[in-house]
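Please keep the sequence and the model in view while reading.

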Amino acid sequence: MQGQLATVFGASGFIGRNIVRELAARGVRVNAVCRDAEQAKFLKPMGAVGQVTPMRADVTDPAAVARAVAGADMVINLVGILYQSGRNTFDAVQATAPGTIAKAAADAGVRALVHVSAIGADADSRSAYARSKAAGEAAVRAAFPAATVLRPSIVFGANDSFFNRFAAMAQVMPFLPLIGGGANKFQPVYVDDVADAAIAALQRPEAAGKTYELGGPSTYTFRQLLELMLVEIRRRRPLVTVPFWLASLQAAVLELLPVPPLTRDQIELLKRDNVVAPGASTLADLGVDPTPLEIVLPTYLDAFRLGGRYAGGRAHA
Ligand SMILES: NC(=O)c1ccc[n+]([C@@H]2O[C@H](COP(=O)([O-])OP(=O)(O)OC[C@H]3O[C@@H](n4cnc5c(N)ncnc54)[C@H](OP(=O)(O)O)[C@@H]3O)[C@@H](O)[C@H]2O)c1
């Protein structure tokens, strides 16, 4: 990979920044693409001078996508959204843009394309998010049949949205809401393992044209994940079941906020388990040994502890 050029769409995001770091460590030159190149400047010190180039391109603009991909040996697409905002709709960003990127990659003679989708991508889902992920995968396969599709379960690590969000809620709320009772299952996967999987997919010929479902070594119910988080931040908060119908009513109001903390579409996703399907190709098939959640959680949730990070108690390396 040394000296090759990779274009990473969604480079400034939670998973993207970890992939840029891993590519840079392997001597790869990186076009780090998002809509605000200024915001992506923090990625530059991950490589040598000039190795990581923040680049502005909206994936809904085919000409900008083609410019970002020109000359690249490898392309990774990580652009995804949890809620729709203005022109950034599920249809534009997750259904159509992956095909635009895949076509631009094929036209530019790119060697390898990795497309990051999500477990639960399903053309027949009740969730528009999940339907758009399925449409995106199909568009990628049609334009670039040798692409590798990675479908993670929820991804954890410093700056994740799941654990950080609920830990922040536990700091200020007397209870935590357990939407639908919290019996649905997740298989959280460490962000570094997702980055390693993406790098492996770029390098291994046998990954071409395949889909991998990425999950950690264990599955947990939603309730168990909140309980683990509360133990880690050393706070006691009752978990209060909010029935799906009531959560949907609340989400209908919350959707009016510029950055909605919950949407009705997300509630649809919570009605299904989010775990690796039996028989699916997994991290192990990409040579990645999944990291347990319990090892990593203490390294970044301690800031939410009562009294702060240095409040005492268990020491962490
Ligand atoms: N995190 C998880 O738990 C998880 C689980 C399963 C699947 N995934 C998938 O993994 C991928 C990466 O997730 P993430 O958590 O890293 O997401 P993230 O932190 O929200 O990052 C999204 C990235 O996409 C960029 N972006 C958004 N709209 C864009 C547009 N129109 N044009 C160009 N860039 C745009 C954002 O930068 P700007 O806003 O500055 O443009 C940002 O760099 C997504 O496809 C997501 O669906 C994530």
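A polar contact is a pair of N or O atoms within 3.5 Å; within protein, one must be able to donate a hydrogen and the other to accept it, and residues adjacent in sequence count only if both atoms are side-chain atoms. The model is predicted: local features need pLDDT of at least 70, side-chain atom pairs count only at pLDDT 80 or more, and totals for chains, interfaces and linings use all residues. Residues are numbered from 1 along each chain as its sequence is written, and side-chain values use heavy atoms, with hydrogens and water left out.

A backbone N or O atom of Val79 lies 3.4 Å from an oxygen atom of the ligand. An oxygen atom of the ligand is also 3.2 Å from a polar side-chain atom of Tyr129, while a ligand nitrogen atom lies 3.0 Å from an N or O atom in the side chain of Asp58. In total, 25 residues surround the ligand (one of their heavy atoms lies within 4 Å of it); the closest are Ser12, Phe14, Ile15, Arg35 and Lys133.

Helices are DSSP runs (H or I, at least four residues), numbered from the N terminus. Axes are lines fitted to C-alpha atoms over the stretch in contact, and angles run from 0 to 180 degrees between N-to-C directions. Helix α3 (residues 90-107) and helix α4 (residues 128-143) pack at about 15°, with their axes 8 Å apart. The two helices α3 and α4 are therefore roughly parallel (an angle under 35 degrees). Their contact (heavy atoms within 4.5 Å) includes Tyr129 and Lys133 of α4.

Helix α1 (residues 14-25) and helix α6 (residues 191-203) pack at about 55°, with their axes 9 Å apart. Among the residues in contact are Phe14 and Ile15 of α1.

Methods. Parallel < 35°, antiparallel > 145°, perpendicular 65-115°, else oblique.
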